[in-house]
Amino acid sequence: MAELGAHESRLYSDLAPLYDKTFAKFFYSRERTIIQNLNLPADTEVLEVGVGTGTSFPAYPRNCRVTGIDPAPRMLARAQEKIAENNWRHLQVMEMDALNLTFPDNAFDYVMAFHVVSVVPDPIRMMAEMRRVCRPGGSIVIVNHFTSESPIWGTLTKSLDPITRRLGWSTNLRLRPFLEDAAFTECKAYKFSRFSLYTVVVGVNDKE
Ligand SMILES: C[S@@+](CC[C@H](N)C(=O)[O-])C[C@H]1O[C@@H](n2cnc3c(N)ncnc32)[C@H](O)[C@@H]1O
């Protein structure tokens, strides 16, 4: 049986209306803290890939310009509703695949991916696209769940992978190889607490 594209998972289509009542409730405070900690300067151009229903939107300062992309129309419809309801002129969303961004090179100062790396079918290609559209010296900001390096916990989470893949994400992604592939020369990876399931990665886009 052909595997569905992650954005075709029921979670991001039929169940999209439930997303804000479930996942987004857990995700928002983390995204808000990450965005606040960045102290985004005025006029910063931000791209958020896999923006979904726009969980992060209330956290962005109004003096930045933020473009969110996602291939799932029902998630984007909810994001668009939020933009209209709140008259958020600094935000826009577009239907697009993170693996084939249609933006020119160096178009953004910050490129974010919140809870998306383990959802897309090819995280390495997504990172390459994020780096391409981010200007040299700009920042790539990721938050994601990575498989634990602990033998017991790691094996347990990996064993859930066939189930979570059907729901719309993988539990099989390891942080160290991911960072090696990303090859940042300057990068900070941290958790908000020792027991948090999620790691924040902030890398400088040090391409030529
Ligand atoms: C777990 S949700 C995260 C949404 C949002 N970033 C948040 O934190 O609430 C994952 C999102 O990735 C999107 N997605 C799946 N495949 C994608 C792709 N190839 N390119 C961009 N986004 C994708 C899904 O449609 C979904 O909206």
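Predicted model: local features only at pLDDT ≥ 70, side-chain atom pairs only at ≥ 80, totals over all residues.
**The ligand site**

The side chain of Glu 31 places an N or O atom 2.5 Å from an oxygen atom of the ligand. On Asp 97, a polar side-chain atom is found 2.8 Å from a ligand nitrogen atom. Ala 98 takes part through its backbone, where an N or O atom lies 2.9 Å from a nitrogen atom of the ligand. A surface calculation puts these distances in context: the ligand taken alone exposes 600 Å², of which the protein buries 98%.

Is Ser 56 buried or exposed? Ser 56 counts as buried because its relative accessibility is 0%, and the cut-off for that class is under 20%. Its side chain forms a polar contact of 2.6 Å with the side chain of Glu 48. Apart from neighbours within four places in sequence, Ser 56 is in contact with Tyr 28, Glu 31, Ile 35, Glu 48 and Phe 114.

**The largest nonpolar core**

Now select Leu 47, Val 49, Val 111, Met 126, Met 130 and Ile 142, which touch the most other members of the 27-residue largest nonpolar core. Strand E1 (45–49), strand E4 (108–114), helix H4 (123–133), strand E5 (134–145) and helix H7 (175–182) each contribute at least two residues to this core. H4 provides the largest share, four residues.

Centre the view on Leu 47 to examine its surroundings. Not counting residues up to four places away in sequence, Leu 47 touches Thr 67, Ile 69, Leu 101, Phe 103, Phe 108, Tyr 110, Val 111, Met 112 and Val 133. A second, separate core of 23 residues can be located through Ala 79, Leu 91, Val 143 and Val 200, which are among its members.

**Helix H4**

Return to H4 and select its buried residues: Pro 123, Met 126, Met 127, Glu 129, Met 130, Arg 131 and Val 133. These buried residues pack against E1, E4, E5, H7 and strand E7 (198–204).

Move to Pro 73, in helix H3 (residues 73–86). Pro 73 is partly exposed, since its relative accessible area is 49% and the exposed class requires over 50%. A distance drawn from its C-alpha atom to that of Val 111 reads 21 Å, for a pair 38 residues apart along the chain.

Follow H3 to the loop between H3 and strand E3 (91–95), where Asn 87 lies. Although not a glycine, Asn 87 has a positive phi of about 55°. Its relative accessibility of 45% makes Asn 87 partly exposed.

Finish at Asn 39, in the loop between helix H2 (23–38) and E1. This residue, also other than glycine, has a positive phi, near 50°. With a relative accessible area of 61%, Asn 39 is exposed.

Note on methods. Residues numbered from 1 in each chain as written. Heavy atoms only, no water. Polar contact = N/O pair within 3.5 Å; in protein donor to acceptor, adjacent residues only side chain to side chain. Areas by Shrake-Rupley, 256 points an atom, 1.4 Å probe, with all protein chains shown as cover. Core = buried A, V, L, I, M, F, W, Y, C linked by side-chain atoms within 4.5 Å. Buried < 20%, exposed > 50% of the residue type's maximum accessible area, 1.4 Å probe, protein only. Contact = heavy atoms within 4.5 Å.
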